[in-house]
Amino acid sequence: MIIDPKNQTRQENYKLMIGSIVPRPIAFVSTKSKDGILNLAPFSFFTAISSAPPTICFSPGRKADGSKKDTLVNIEATGEFVINVVTEEMAEAMNETATEIPSDMSEFEYAGFTPVTSESVRPPRVQESPINLECKLLQIVNVGIDGPGGASLVIGEIVRFHIADFLYENGRIDTGLLNPIGRLAGNQYTTLGRRFGLDRKPWPPKS
Ligand SMILES: Cc1cc2nc3c(=O)[nH]c(=O)nc-3n(C[C@H](O)[C@H](O)[C@H](O)COP(=O)(O)O)c2cc1C
């Protein structure tokens, strides 16, 4: 099958993207509005960019009516957010936070997550998550149309790592104990499957 995206609707292209780019890690993003309302929402268009300084990005798309999601509005207003890693235990409650509740209601209360004060940013961390990354906004890059299907790439610097002690050993994280979930297409998720190691070969090869 060979498909020219220009001959498809945005929803058709979206379906091909979310089935091709898998599994996707989930950034569970906490923000605070300028009026102090705590917001929490998952984003699977999410990845790391650089380590000096440690920099990540994620992408809130426009809503069906073309308006900006609360997470983006809050980050534009405050320049701060926290990325919380989602474990299998948190999956169902995380999914609840993706419900479009009114902007003046908090997803922390709605889905039953516990806010914990952060060290260097105003939005709280999620207590139930064993890894929290406090972030400061570096840049927002608007991508695509300013309407449904368009998005804003949020680029932020990690200013604090919070890692649960049971996961941390000698500067490394035990990903098996972390038990993160990944997003697939539609409403499908995955846990870590079979893991295997591969050694990188030097060049020139040793004889
Ligand atoms: C696992 C998961 C991943 C999601 N990933 C994205 C994403 O990458 N971009 C996006 O715009 N919406 C994504 N959504 C939908 C948002 O979470 C949803 O629109 C949410 O209500 C936005 O909240 P806000 O308006 O409080 O920011 C995802 C939802 C789920 C459940």
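Two residues count as in contact here if their C-beta atoms, placed from the backbone, lie within 7 Å. This is a predicted model, where local features need pLDDT of at least 70 and side-chain atom pairs count only at pLDDT 80 or more, while totals for chains, interfaces and linings use all residues. Residues are numbered from 1 along each chain as its sequence is written.

View 1. Helices (H or I, at least four residues) and strands (E, at least two) are DSSP runs, numbered from the N terminus. The buried residues of H2 are Asp70, Thr71, Leu72, Asn74 and Ile75; buried means that 20 or more other C-beta atoms lie within 10 Å of a residue's own, with C-beta atoms placed from the backbone. These buried residues pack against S2, S3, S6, S9 and S10.

**View 2. The seven-stranded sheet, laid open.** Reading across, the strand order is S3-S2-S6-S9-S10-S5-S4, with antiparallel pairing, and the sheet is open. Two strands pair if DSSP finds at least two bridges between them. S3 and strand S4 (46-51) are the edge strands with a single partner each, so one side of each has no neighbour in the sheet. Neighbouring strands are turned by 35 degrees against each other on average, direction ignored; the axes are lines fitted to C-alpha atoms.

**View 3. Zooming in on S6 and S9.** S6 and S9 pair in the antiparallel sense over five bridges. Look for Val82, which stands opposite Glu134 in S9.

View 4. Leaving out residues up to four places away in sequence, Ala27 touches Phe43, Phe46, Phe58 and Ile83.

**View 5. Around the ligand.** Of the 17 residues around the ligand, Ala41, Phe45, Gly61, Lys69 and Thr71 come nearest; a residue is near if its C-beta atom, placed from the backbone, lies within 6 Å of the molecule. Strand S3 (38-43) and helix H2 (70-78) are the elements that give two or more residues to this shell, and S3 has the largest share, four residues.

How values were computed:
Axes fitted to C-alpha atoms, helices over the stretch in contact; angles between N-to-C directions. Buried ≥ 20, exposed ≤ 12 C-beta atoms within 10 Å, placed from the backbone.
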